[in-house]
Amino acid sequence: MATSDPFPQRLPTLDRLGVTDPFNVSSSEVATEWLNAFSATIAQTDTAAVVDLFLEDGFWKDVIALTWDLRTFEGRKDIKKLLDARLAATGLNELRLLQEPLKEPVLQKVYHDLVWLRFCFSFTTKHGKGTAVVYLVPLPDSKWKAYTLLTCLESLADFPQKLGPFRNKEADHGNWGEKRRQEAEFSSNDPTVLVIGAGHCGLEAAVQLKCIGIPTLVIDKKPRVGDSWRDRYKTLCLHGTIWFNQMPYLTFPPTWPVYIPAEKLADWLEAYARLLEVDVWTASTITSTSWNDSTKTWSVEVNRGGKGTRVLTVKHLVFATGSGGRPIVPDIPGKASFKGSTVHSSEFESAANHIGKKVVVVGCCNSAHDIAQDFCTHGADITMYQRSSTFVISVKSMAAMSRALYNDDFPTELADTYSTSLPWAVSRRLHQRMVPIVAETADKAILDGLAKVGFKTNLGIYGAGLMALYLERGGGYYIDTGASKSIINGDIKIKNGSAIESFTENGLRFADGTELQADIIVFATGYGDPRDFMREVCGDEIASKVTQVWGLDEEGQSAGVWRYCGHDGLWFANANLSLARFHSLHLAMQIKAIEEGVLNRADIVI
């Protein structure tokens, strides 16, 4: 999987730049000199002079500050196109070097041959305020130029979030309960935004929209908020740390474990919705939709499951129905002859119901390993069928990689800004260096042990590890929380190297002539297109106008998620808790800007 690499980007190593390690410079002086020059050229709208402050192959990454989109511009030519089109229209102004702790200029030695100077500055535009992150690299003439620049809008000037000094200051003497009931029912009005899905993405999007003054309703087909997590297999637990998975405005208690069980997270989501006053209709489904292109509104009929039917007129639909579509189950001949049972991992509950049985789990990524380990713990005769190689990384190594930014002492908002500050083309190159090092050091014993028992591993797409697999495919990896040890010990058996040919009465037959007997077969075989649910709700005509959703576009940005997807008034909010926390605000600001007449997509041409 890591053999060929079509990407032209090269990291600005010391050798490539023709310099030695600049260890004796004043980071603050270097940052100030560059920012002064940058500010002067910006003020003069001298785009040619601006791009001359960048390396020839530098980057400008923008999160809705200049483009009202998630964009990355690579090379001076494309950066100049951005500035020629958007600099004057945006009114980038009031650039101020940030010197506070954790934001101050700092020289970072990323690798022995890769050094850059990172600093932050605040800025304003005609419509809001934001933070920028710059990475400078040294040149032989003692000059420093920008390798990458991030501009990230964080608030709208005329429409601040209702936080801190902007919170409600009126005392409420006995009316709050009835007011909340009417708000949640939308008794006297329709919402502006309808969010489909009350999982973490839907709730975070709704909270951000509410805080910025957009009436928002969330609906979910399940009986309770959090059931999308509560109804998964009982052993499901987050593989990312608690610091990495925080949610906006309400942090997890400091008494909570580092890795949160799914059932605990489900209860948290239910409390989160209640405490942050998210308006949610559970046990509700959409029965029909229609789009009026003249008024730019949706007519949506909602069946409230015993509470009647309501027809809503809304401006925006936000699909927060998960990163995947419908469960995928391979079409294998002979299923009718199989005497046992089959289930997709999305419907599987617990191995406690199958003690002493013969089990085959088809698939070898996170869910497959979790479920196989559950069967192993309950004494089942368990075999995993591995269709292709898997990227494996230990949960300890994953935690170590995120610990520098995501911990008790580092502000989550700043950690998110730093995490997104580098373009994917650069992050990929860094991961291509880091992933093999982890595999040869911290995780070597696990990977060697897996290899000895025939379990096939890889280093991810182009050797870039988990993040490349997650961003481009949404899967293909296992964050090891213990199942690898069971595989190495032989408690979980492995079958691979031959395709499934058919079901038999007692299991599965393979192309090599072997057969695996099974009382139950669990298909941990992933999910379909994230647009599946949208197509069912909105129809083929609307769906045909929607671009790719999930995966990376040609600029290395997530396609169609948290941003314009090809159809007005239609959005997708899909991601892990970390990305949802960060980008839910950007989705809310885009919708607010549209509703207030600040943003008209037709006006933005780059």
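Me: Angles between elements run from 0 to 180 degrees between the N-to-C directions of fitted axes. At what angle does helix α13 run to β18?

Reply: This is a predicted model, and in it helix α13, residues 444–452, runs at about 140° to β18. The helix lies across three strands, namely β18, β19 and β20.

Me: What makes β19 and β20 edge strands?

Reply: Let's start with the sheet they belong to. Its order is β19-β18-β20, an open arrangement of three strands with parallel pairing. β19 (457–458) and β20 (477–480) each have a single partner strand, so one side of each has no neighbour in the sheet.

Me: How do you know that β18 and β20 pair?

Reply: Two strands pair if DSSP finds at least two bridges between them. Strand β18, residues 390–394, and β20 share four bridges in the parallel sense. Four meets the requirement of at least two, so the two strands count as paired. Within this pairing, Ile 393 is opposite Ile 479 of β20.

Me: Which strands stand at the edges of the open sheet of five strands?

Reply: In that sheet the order is β15-β25-β16-β17-β21, again with parallel pairing. On average, neighbouring strands here are turned by 20° against each other, direction ignored.

Me: And which residue is the bridge partner of His 344 in β25?

Reply: That partner is Phe 523. β15 and strand β25 (residues 520–523) run parallel and are joined by four bridges. Across this sheet lies helix α9, residues 366–377, over β16, β17, β21 and β25, at about 165° to β17.

Me: What joins strand β12 to strand β13?

Reply: Six bridges do, in the antiparallel sense, between β12 (residues 297–303) and β13 (residues 309–314). Ser 299 has Thr 313 of β13 opposite it. The hairpin has five residues between the strands, and Gly 305 takes a positive phi near 60° there.

Me: Why is the ring pair of Phe 252 and Trp 268 called tilted?

Reply: Planes under 30 degrees apart count as stacked and over 60 as edge-to-face, with the rest called tilted. The structure holds 25 aromatic pairs. In this one the ring centres are 4.8 Å apart, within the 6.5 Å limit, and the planes meet at 55°, so the pair is tilted. Phe 252 is in the loop between α7 (227–230) and α8 (262–275) and Trp 268 in helix α8, so the pair ties together parts 16 residues apart in sequence. Phe 252 counts as buried at 4% relative accessibility, and Trp 268 is buried at 10%.

Me: Where does the charged end of Arg 428 sit?

Reply: It sits over the ring of Phe 7, at 3.3 Å from the centre. Lys 264 likewise lies over the face of Trp 256, 4.5 Å from the ring centre.

Me: Which residues touch the most other members of the largest nonpolar core?

Reply: In this core of 181 residues, they are Phe 38, Trp 60, Phe 119, Phe 121, Leu 317, Val 361 and Phe 375. Helix α18, residues 577–595, gives the largest share of the core, nine residues. Apart from it lies another core, of 12 residues, including Ile 332 and Leu 508.

Terms used: Residues are numbered from 1 along each chain as its sequence is written. This is a predicted model: local features need pLDDT of at least 70, side-chain atom pairs count only at pLDDT 80 or more; totals for chains, interfaces and linings use all residues. Side-chain values use heavy atoms; hydrogens and water are left out. Rings of Phe, Tyr and Trp (its six-membered ring) pair if their centres lie within 6.5 Å; planes under 30 degrees apart count as stacked, over 60 as edge-to-face and the rest as tilted. Buried means under 20% relative accessible area, exposed over 50%, partly exposed in between (1.4 Å probe, protein chains only). A charge sits over a ring if NZ of Lys or CZ of Arg is within 6 Å of the ring centre and within 35 degrees of the ring normal. Contact means heavy atoms within 4.5 Å. A nonpolar core is a set of buried Ala, Val, Leu, Ile, Met, Phe, Trp, Tyr and Cys residues joined through side-chain atoms within 4.5 Å.
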